[in-house]
Amino acid sequence: MNDPQWQGYLRADGKLGVRNTALIIYTVQCAEFVAHQIAQDEPDTHVIGFPGCYDNEYAIRLLLALSRHPNVGAVLAVGLGCEYTQPARIAEVVGRSGRPTRSFFIQEHGGTASSIRYGKSLLNALKRELEAVPRVSMSWPDLVVGCECGGSDGTSGLAGNPVVGRFFDWLVDQGGTAVFEEVVEMIGLRHELEARAAGETARIALGLTYEKAEQYCRAVRQYSVSPGNFAGGLTTIEEKSLGAFAKSGSRPIQGVIKVAEAPSHPGLWLMDSVPDQHFMQFGYTNPNDTEGIIDLISAGTQVVLFVTGRGSVIGSPISPLIKITGNSKTFQRMSDDMDFNAGAVLDGTMTLDQAALSLAALVRNVASGGLSKPEKLGHREYFIPYKHQDTPGLLEGCRA
Amino acid sequence: MSGKHVLFQIHAQDNVATLLDDARQGDLLEHRGEGQDMFLQAWQETAAGHKIALRPIPLGDSIIKYGVAIGIATAAIRPGEWVHLHNCKSRYDARSSLLDLNSGVPTETRYE
């Protein structure tokens, strides 16, 4: 931690990555197998895609944001040939960011085996260009870190999330950027959210985001508290919400970004992944943990923290996932999967501040190329569903 | 008496802390976490994961955890006393005060 700088990858659009990844995108489920076969045995090559044949503007924005992510240096888009989402359009738009891109339709290249061969040749050309990406020094102000929690137990609100919150305070004080989400788990905290706003525009945005989340919960009849929570010692919805909100730390909230939007300046940001009103009413917020994590990555987060008290065995493509548990027993039981034991705070062997600094050292190590546990194991889960969000405004964020 | 049990305080301004192990009436509680070290005894049997008052909380005062009001005291609460549905209510969710104190299950739902 004495040296606050490490070596990153400079993209043509000025973004700084902590990984140098080639990304293969499939534009319909029918092209998924070929996409994965192209990536087979290729180091630093990740696969994402959208399964639906009918296109979805939200999903396209998400794919584009992930393609122009700081950690991504080159993109190969693969389609079957009859779907709505167009691989050539993805390649064209991403190409404008200066990233080398290629695309093709399987139907134009003679089936599975020849498409895999053709895709591998395109990927090899892209990888040669990736090798030429300049290495530059980067430090905390260049870093955007996301946080999500899932598979929670009683320790998540007591230790896991508070340790991340204290680290986020530290990161923001260093000039870095932090993004948290799960607005539907903040019901009852409108006043606390608004009180944390960095300014009037942010206060209005937080109020509107909260209101939308409350309406959403009413509409889908899903509030995030159950008899088991009360039996476990939680007394009010405010208390439960604060356990999730604790990961945001205590610094002012600069504003609200939607999925596929990047924060416009450093500091702490709230991501709104709740669907907006739409004629088809489709969309679900945080249908699972991997969806929430890919949303955070779409904001340009180069590293993502995942707090899981019970323990989870997921990872993520594009950005390394660092898995934190507030439960020392979980940490011991799942030592191959867990990166950080925030349970030391409950055990009395570390203070919150010590744990936050120790986490900062781990984040720095991963940002400078050290593999997180999910990366070592090869985990790259993600989930991109049909959803509707209104096109992000440019008032508070910019397109990633 | 069955030894010491850890009482974990999250924020220095909190007036409640979370019990990490089950405690019986009169058990000594070992303070840990933020805030000032203090000597407390469990006022009654209290389960792990539940909250215990760190100081006297008058009727109508806020219950503070994470440095933020998580509810309002519906009775005067003594240091060491269990804080839950019977003496703390939400500012938003009126229904939680009607839940069974121990199981958290709704008591007002009619099944027939």
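Let's start with a pair of helices: helix 2 of chain A passes helix 3 of chain A in a right-handed crossing. Helix 2 of chain A brings Leu63(A), Leu64(A) and Ser67(A), while helix 3 of chain A brings Ile90(A), Val93(A) and Val94(A). Sort these contact residues by class and you get five nonpolar, one polar and no charged. Keep in mind as you look around that this is a predicted model.

How do we describe a pair like this? Two packed helices are described by the angle between their axes and the distance between the axes. Helix 2 covers residues 57–67 of chain A and helix 3 covers residues 87–95 of chain A; their axes come within 10 Å and cross at roughly 45°. Helix 2 of chain A and helix 3 of chain A are therefore called oblique to each other.

Now try another pair in chain A. Helix 5 (residues 154–173) and helix 13 (residues 352–367) of chain A pack with their axes 8 Å apart, at an angle of about 70°. That angle falls between 65 and 115 degrees, so helix 5 of chain A and helix 13 of chain A count as roughly perpendicular to each other. Here, too, the crossing of helix 5 of chain A past helix 13 of chain A is right-handed. On the helix 5 side of chain A, the contact involves Pro162(A), Val163(A), Val164(A), Arg166(A), Phe167(A) and Trp170(A). Among their partners in helix 13 of chain A are Leu352(A), Asp353(A), Leu357(A) and Val363(A). By class, the contact between helix 5 and helix 13 of chain A holds twelve nonpolar residues, no polar ones and two charged ones.

Next come the sheets. Strands of a sheet pair through backbone hydrogen bonds, either parallel or antiparallel. Chain A has an open sheet of four strands in the order 4-3-5-6, and its pairing is parallel. Which strands stand at the edges of this sheet? They are strand 4 (45–49) and strand 6 (101–105) of chain A; each has a single partner strand, so one side of each is left without a neighbour in the sheet. From one strand to the next, the twist averages 20°.

Zoom in on one pair in this sheet. Strand 3 (residues 21–26) of chain A runs parallel to strand 4 of chain A, and five bridges join them. Ile25(A) stands opposite Ile48(A) of strand 4 of chain A. Helices pack on this sheet as well. Helix 4 (residues 112–131) of chain A touches strand 3, strand 4, strand 5 and strand 6 of chain A, and its direction makes about 175° with that of strand 6 of chain A.

Asp44(A) is not a glycine, yet it has a positive phi of about 55°. Asp44(A) sits in the loop between helix 1 (32–39) and strand 4 of chain A. Ala260(A), also not a glycine, has a positive phi of about 75°. Ala260(A) belongs to the loop between strand 10 (253–258) and strand 11 (261–263) of chain A.

Over in chain B, a hairpin joins strand 1 to strand 2 through six residues. Strand 1 (residues 4–9) and strand 2 (residues 16–19) of chain B run antiparallel and are joined by two bridges. In this pair, Phe8(B) has Thr18(B) as its bridge partner. Strand 2 of chain B also pairs with strand 5 (residues 51–53) of chain B, in the antiparallel sense and over three bridges.

Chain B also has an open sheet of three strands, in the order 6-7-9, with antiparallel pairing. Its edge strands are strand 6 (62–65) and strand 9 (88–89) of chain B. Helix 9 (residues 237–245) of chain A packs on this sheet and touches strand 6 and strand 7 of chain B.

That takes us to the meeting of the two chains. The contact takes 24 residues from chain A and 32 residues from chain B. Together chain A and chain B bury about 2200 Å², 60% of it on carbon and sulfur atoms. Which three residues supply more of chain A's buried area than any other three? Leu158(A), Phe230(A) and Thr235(A), with 25% of the area that chain A buries against chain B.

Terms used. Residues numbered from 1 in each chain as written. Chains lettered and ligands numbered in written order. Predicted model: local features only at pLDDT ≥ 70, side-chain atom pairs only at ≥ 80, totals over all residues. Heavy atoms only, no water. Pairing = 2+ DSSP bridges. Contact = heavy atoms within 4.5 Å. Axes fitted to C-alpha atoms, helices over the stretch in contact; angles between N-to-C directions. Parallel < 35°, antiparallel > 145°, perpendicular 65-115°, else oblique. Left-handed = near helix turned anticlockwise from the far one by under 90°. Nonpolar A, V, L, I, M, F, W, Y, C, P; charged D, E, K, R; others polar. Buried area = accessible area lost by both parts, 1.4 Å probe.
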